[in-house]
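These are my notebook entries on a structure that I looked up residue by residue. The sequence and the structure come first, and the entries follow.

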Amino acid sequence: MQLTRAGFLALLWLFVLAALRVVRSDLYAASGLRAAVPGFRRGGAKPARGSRAPRQLVVTHGALAGTRISLEGRPIMIGRADDSTLVLDDDYASTRHARLSMRGTDWYVEDLGSTNGTYLDRAKVTGPTRVPLGVPIRIGKTVIELRS
Amino acid sequence: MGQPTSDGAAPSSATSTNPGLSVPTRRGTELLLLAFAAFLVTLANVLVEANQSGELTRELIYYGAAYLALFGAAHVAVRLLAPYADPLILPCVALLNGIGLVMIHRIDLGQADRAIQLGQDMPTDAAPRQILWTAIALGLFIAVMVLVRDHRMLAKYGYTAGLVGLVALALPGLLPASLSEANGAKIWLKLGIFSIQPGEFAKILLLVFFAAFLVAKRDLFTHAGRRVLGVDLPRARDMAPLFAAWGLSVGVLVLEKDLGTSLLFFGIVLVMLYIATERAIWLVIGLTCFAVGCVVAYHLFTHVQTRVTIWLDPFVDFYGKGNQLILALFGMGTGGVFGAGLGAGRPELVPFANSDFIISSIAEEVGFVGLAAVLMLYVLLSMRGFRSALAVRDSFGKLLGGGLAFAVGFQVFVVVGGVTKLIPLTGLTAPFLSQGGSSLVANYALVALLLRISDAARRPSTLPKPRPQQAPIAEAHTVLVERPK
């Protein structure tokens with residue numbers, strides 16, 4: 001009787017702890033410390049480009065401030081369209097506003113014929129322009145930048 | 001102070017939205033935890049039967065299998081419809097629901113025993129009905145997953161949802177008491193053989209409305225008005241929606257005599273405003289309104305006065321209105337730290353032991369340690385909801401997810417606070433635990449929406465759709481050709 005009582009409580013807490021373990025593994029996955037989780041991309045496949053290569057895109061101003069998107073080599077679409085990678089909810093942005101794409105090891109920003117334009121630092125983007133690390137890209141009320 | 005704009009909070013609220021190419025779907029984890037939950041629920045049922053009747057029947061295995069089959073179906077639905085959904089939400093909900101079912105069954109047994117001892121008529125069992133409701137709720141859960149393929153489509157129905165929700169919330173208050181009143185609260189809609197609480201569904205509909213409304217009109221609420229004592233007050237006209245919500249919740253309190261719904265509704269509005277604007281002044285204004293409302297309600301309505309009197313000292317009216325709360329407190333005291341053991345306590349003595357007071361029933365049988373584990377399940381559920389809201393990419397999803405997660409957490413706080421005499425008792429149900437069909441069905445719909453949002457948050461971003469092929473003539477370069485001579 002006493003044994004079953006204690007046993008049930010122990011199992012109940014075991015469930016909670018198992019759930020917390022899942023939470024912990026997710027925390028590591030989100031902070032980019034993937035090597036810390038065993039069995040997740042074991043060894044190798046590490047970018048050999050050093051720390052100066054852009055690894056993520058960070059929204060620094062605007063409604064989505066704080067959002068991060070990790071860069072994986074695929075192009076990033078920015079605009080109000082639902083299928084954009086970064087969906088802007090901003091009257092000053094166009095449906096398909098700008099695209100960030102990788103050529104070689106560099107990222108290029110390209111304006112897709114937006115109404116209000118895309119600005120790299122202070123300069124208006126007219127053709128594909130290389131984006132250095134930490135330089136703000138302004139789209140409507142949103143400002144994004146690349147970080148390593 | 002007083003001007004936290006969206007810029008200031010940038011680094012702290014940072015989250016990764018599409019981690020890695022090979023995002024694990026984690027459906028295996030979910031299935032494993034579900035099996036664990038099924039094992040725990042069967043074990044709880046075995047303990048209840050062993051302590052109550054002293055013999056075990058083979059039916060217990062069937063119950064466990066049926067439980068696993070029900071949630072297995074839900075798991076398959078999630079696997080097919082939302083493969084990247086959060087792996088913890090469904091198992092937590094399943095375990096809470098299972099513990100609730102076992103507890104309701106256990107109180108049925110206790111009440112039947114008591115009826116035999118006192119020579120009364122046998123009360124009807126609540127557990128079979130609740131199992132039926134669980135099946136219906138899981139059906140609706142799957143239906144919501146099928147219908148809402150993308151949570152952003154809900155934003156289009158914002159005003160419709162708001163109108164339907166408002167009608168659902170107000171309807172019981174306006175109908176004659178014979179159609180809507182039970183146990184002192186006018187929150188029911190009696191439809192022949194069964195009755196529902198429309199307020200539970202109104203909660204979700206109004207959440208959808210507020211999320212859609214605030215995303216569209218967010219800028220209005222961040223306009224600074226007059227500056228008083230170094231704090232930017234919002235402009236008076238921007239405060240109208242908050243006052244409307246306040247008036248509505250006072251109306252609910254007056255017409256439906258229901259403290260819980262009124263409190264829950266106002267809390268949700270306030271938190272949604274705060275999440276949308278990130279301005280603490282809204283909380284200050286809202287809480288001031290709340291305090292004024294409390295004082296006014298206390299002086300005007302006797303049912304509020306009764307609740308407060310019982311809260312301050314339940315022993316004032318030992319055999320009358322305070323009796324329920326006193327019995328619950330005694331029950332929890334009997335349970336102590338480790339509880340009396342499943343099936344070994346007397347939780348059935350408390351009136352409404354299986355609905356409003358299920359928390360005290362659980363606390364009596366599994367003690368503080370067990371109740372803490374149950375509360376941890378709620379914490380996990382709410383936390384995963386907030387996490388999904390942080391990680392999802394669109395503002396509507398963020399607001400809706402935050403609101404839904406808050407609604408669950410706040411409701412649990414109000415219920416547990418009421419039962420443990422921390423705040424005045426209200427008539428809310430503990431989500432997933434309490435006996436009651438509407439609450440169960442509505443909360444499963446809520447969880448389906450949370451899973452949908454978490455799926456959108458964890459799903460790796462797909463390649464943009466190829467732009468429609470233009471006619472070749474438009475792409476062809478202009479070439480100068482020499483005019484034939």
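**Entry 1: a pair in chain A**

I began with A:Glu110, which is buried at a relative accessible area of 16% (buried means under 20% relative accessible area, exposed over 50%, and partly exposed in between, with a 1.4 Å probe and protein chains only). I noted that the model is predicted, so local features need pLDDT of at least 70, side-chain atom pairs count only at pLDDT 80 or more, and totals for chains, interfaces and linings use all residues. Residues are numbered from 1 along each chain as its sequence is written, chains are lettered from A and ligands numbered from 1 in the order in which they are written, and side-chain values use heavy atoms, with hydrogens and water left out.

Which residue forms a salt bridge with A:Glu110? I found A:Arg99, with the closest N and O atoms 3.4 Å apart (a salt bridge is a side-chain nitrogen of Lys or Arg within 4 Å of a carboxyl oxygen of Asp or Glu). A:Glu110 lies in strand E6 (residues 106-111) of chain A and A:Arg99 in strand E5 (residues 98-103) of chain A, so the pair ties together parts that are 11 residues apart in sequence. Helices (H or I, at least four residues) and strands (E, at least two) are DSSP runs, numbered from the N terminus. I recorded A:Arg99 as partly exposed, with a relative accessible area of 26%.

**Entry 2: further salt bridges**

I then looked up A:Arg147, which forms a salt bridge with A:Glu145 at 3.1 Å between the closest N and O atoms. A:Arg147 is partly exposed at 31% relative accessibility, whereas A:Glu145 is buried at 14%.

**Entry 3: a phenylalanine in chain B**

Last, I looked up B:Phe406, which lies in helix H14 (residues 395-419) of chain B. Is B:Phe406 buried or exposed? I recorded it as buried, with a relative accessible area of 18%. Leaving aside neighbours within four places in sequence, B:Phe406 is in contact (heavy atoms within 4.5 Å) with B:Gly267, B:Ile268, B:Val271 and B:Phe386. B:Phe406 and B:Val271 are 135 residues apart in sequence, yet their C-alpha atoms are 7.9 Å apart in space.
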